[in-house]
Amino acid sequence: METPKPSNSNDILLRLLSASELRARVISANIANQNTPGYTRQEVRFEDALREAVASGSKLKGLQPEIIQDTITPARPDGNNVNLELELNALRENRILFETYATIMQGRTTLKDIAVSGGR
Amino acid sequence: MSGMDKLFSGMRIAATGLTAERTRIDVIAENIANARTTRTENGGPYRRKVVRFEPLLRESMGFGAAKGDNVLGVVATSVEQDFTNDPQMVRDPGHPDANADGMVAYPNVNTVLEMADLITALRAYEANLTAQENFVRMAERALRILQ
C-alpha cells in the first residue's frame with residue numbers, strides 16, 4: 001500500500017472520525033431498540049471500502065460510510081436481532097478507534113504548529 | 001449538521017432509550033403493585049399492562065426520507081392491557097369479591113415473570129446510559145484535538 005500524501009491523510013482521518021461517530025449513533029439506536037419487536041439491527045461499513053480506495057489510488061471524494069441492515073444475525077421470537085452484549089462491545093471498540101484517530105490527528109496538528117513556529 | 005451536533009443527536013438517541021425503558025419499569029411496578037387487586041373501576045380484577053415499543057424513525061419526525069441513519073431512537077407508543085390470559089380463579093369464600101361459588105378472580109399478573117422483566121428493563125436502562133456516556137467521552141476527546 002502506498003503511503004498517502006500528507007494533505008490526503010488528514011482528509012482520511014477526518015472521514016474515519018466521522019464514520020466512527022456515525023457508528024456510535026447507529027449502535028446507540030440498536031441499544032435503544034433492543035426491546036422493540038421486529039427491529040432489525042444496523043451496522044456501519046466504511047473502513048474496508050476506504051482501504052480499497054486508498055490501495056487502488058482512486059478518488060475518495062464520493063466515498064461515504066454505508067448503513068446496512070443486518071439480516072444475517074438470527075432474530076429472537078419477537079423478530080428482534082439485537083444482542084446487548086455485542087452492541088456494548090461494538091460501542092467500546094468504536095470508542096477506541098475514535099480515540100486512536102483523534103490521537104493521530106492531534107499529533108499531526110502539533111507537528112504543524114511546531115513547523116509554523118519554527119521549532120521555537 | 002455539524003460534528004458536535006451529531007454527537008448531541010447520539011446522546012438524544014440514548015435518551016429516548018432511557019425514557020422508553022423507564023416507562024416499562026413504571027408499568028412493571030404497577031403490575032407488581034396490583035398483583036392482588038380484585039376490584040377496579042371497570043369492575044373485575046386488575047389486568048396486566050404491557051408497553052409497546054416502536055423505533056423512532058426519521059420520516060415520522062417530518063424530516064422526510066433520508067438515506068443513511070434513519071433510526072433516531074425508540075418510543076413507547078402505548079400502554080395496553082394484556083388479554084391473552086384470563087384472571088386466575090382462586091377459592092376464597094370469605095373474600096368480599098368472591099362470587100356465588102366462593103371463587104375470587106385475581107389479576108393475570110405473574111409476579112415472577114414481572115420480576116424477570118424488571119431485571120431486563122433495568123439492564124436495558126443501564127446500557128442506554130453507557131451509550132450516552134460514550135458520546136460525552138467522544139465529544140471531550142474531539143475537543144482535546146483543538147488544545
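This is a predicted model: local features need pLDDT of at least 70, side-chain atom pairs count only at pLDDT 80 or more; totals for chains, interfaces and linings use all residues.
Does Arg24(B) count as buried or exposed, or what lies between, and how many C-beta neighbours does Arg24(B) have inside 10 Å? The first legend takes up this point.

Figure 1. Arg24(B) counts as buried, because 23 C-beta neighbours lie inside 10 Å and the threshold for burial is 20 or more. Leaving aside neighbours within four places in sequence, Arg24(B) is in contact with Val51(B), Ala76(B) and Ala121(B). The C-alpha atoms of Arg24(B) and Val50(B) lie 7.8 Å apart, although 26 residues separate the two in sequence.

**Figure 2. Overall form of chain B.** Chain B contains two helices and four strands, in the order α-β-β-β-β-α from the N terminus. The C-alpha trace spans about 80 × 30 × 20 Å along its principal axes. The radius of gyration of chain B is 22 Å, whereas a compact globule of 147 residues would have a value near 15 Å. Buried residues account for 25% of the 147 residues. Among contacts in chain B between residues at least 6 apart in sequence, 66% join residues at least 24 apart.

**Figure 3. The side of chain B that touches chain A.** Contacts between the chains involve 30 residues of chain B and 26 residues of chain A. On the chain B side, helix H1 (3–33), strand E1 (49–57), strand E2 (71–81) and helix H2 (111–145) each supply at least two residues. H2(B) gives the largest share, 13 residues. By residue class, this side of chain B divides into 14 nonpolar, 10 polar and six charged residues.

**Figure 4. The largest nonpolar core and Val74(B).** This core has 37 residues, of which Val26(A), Ile27(A), Ala32(A) and Val74(B) touch the most other members. Two or more residues come from each of helix H1 (6–32) and helix H3 (84–117) of chain A, and from each of H1, E1, E2 and H2 of chain B. The largest share, 10 residues, belongs to H1(A). With neighbours within four places in sequence left aside, Val74(B) is in contact with Ala32(A), Asn33(A) and Thr36(A) of chain A, and with Thr16(B), Gly17(B), Ala20(B), Phe53(B), Pro55(B) and Leu56(B) of chain B.

**Figure 5. Helix H2 of chain B and its buried residues.** The 35 residues of H2(B) should span 51 Å at 1.5 Å a residue, and the distance of 52 Å between the end C-alpha atoms agrees with this. Buried in H2(B) are Ala121(B), Ala124(B), Ala127(B), Asn128(B), Ala131(B), Asn134(B), Phe135(B) and Met138(B). An α-helix has 3.6 residues a turn, so residues three or four places apart point the same way.

**Figure 6. The loop that holds Pro87(B).** Pro87(B) is found between E2 and strand E3 (88–91) of chain B. Pro87(B) counts as partly exposed, because 17 C-beta neighbours lie inside 10 Å. Residues up to four places away in sequence not being counted, Pro87(B) touches Pro45(B), Ala105(B), Tyr106(B), Pro107(B) and Asn108(B). Arg48(B) is 39 residues from Pro87(B) along the chain, and their C-alpha atoms are separated by 9.6 Å.

**Figure 7. The pairing of E1 and E2 in chain A.** E1(A), residues 42–45, and strand E2 of chain A, residues 66–69, pair in the antiparallel sense over four bridges. Gln69(A) in E2(A) is the bridge partner of Gln42(A). Glu66(A), which is placed in strand E2 of chain A, is partly exposed, with 15 other C-beta atoms within 10 Å. Glu66(A) touches Arg45(A) and Phe46(A), not counting residues up to four places away in sequence. Between Glu66(A) and Ala49(A), 17 residues apart in sequence, the C-alpha distance is 9.5 Å.

**Figure 8. Helix H2 of chain A and the residue just after it.** H2(A) comprises residues 47–56 and lies largely in the open, because the number buried among its 10 residues is zero. Just after H2(A), Gly57(A) takes a positive phi of about 70°.

Key
Residues are numbered from 1 along each chain as its sequence is written. Chains are lettered from A and ligands numbered from 1 in the order in which they are written. The radius of gyration is taken over C-alpha atoms; the globule rule is 2.2 Å times the number of residues to the power 0.38. A residue is buried if 20 or more other C-beta atoms lie within 10 Å of its own, exposed if 12 or fewer, and partly exposed in between; C-beta atoms are placed from the backbone. Two residues are in contact if their C-beta atoms, placed from the backbone, lie within 7 Å. Ala, Val, Leu, Ile, Met, Phe, Trp, Tyr, Cys and Pro count as nonpolar, Asp, Glu, Lys and Arg as charged, and the others, Gly among them, as polar. The expected span of a helix is 1.5 Å times one less than its number of residues. A nonpolar core is a set of buried Ala, Val, Leu, Ile, Met, Phe, Trp, Tyr and Cys residues joined through C-beta atoms within 7 Å. Two strands pair if DSSP finds at least two bridges between them.
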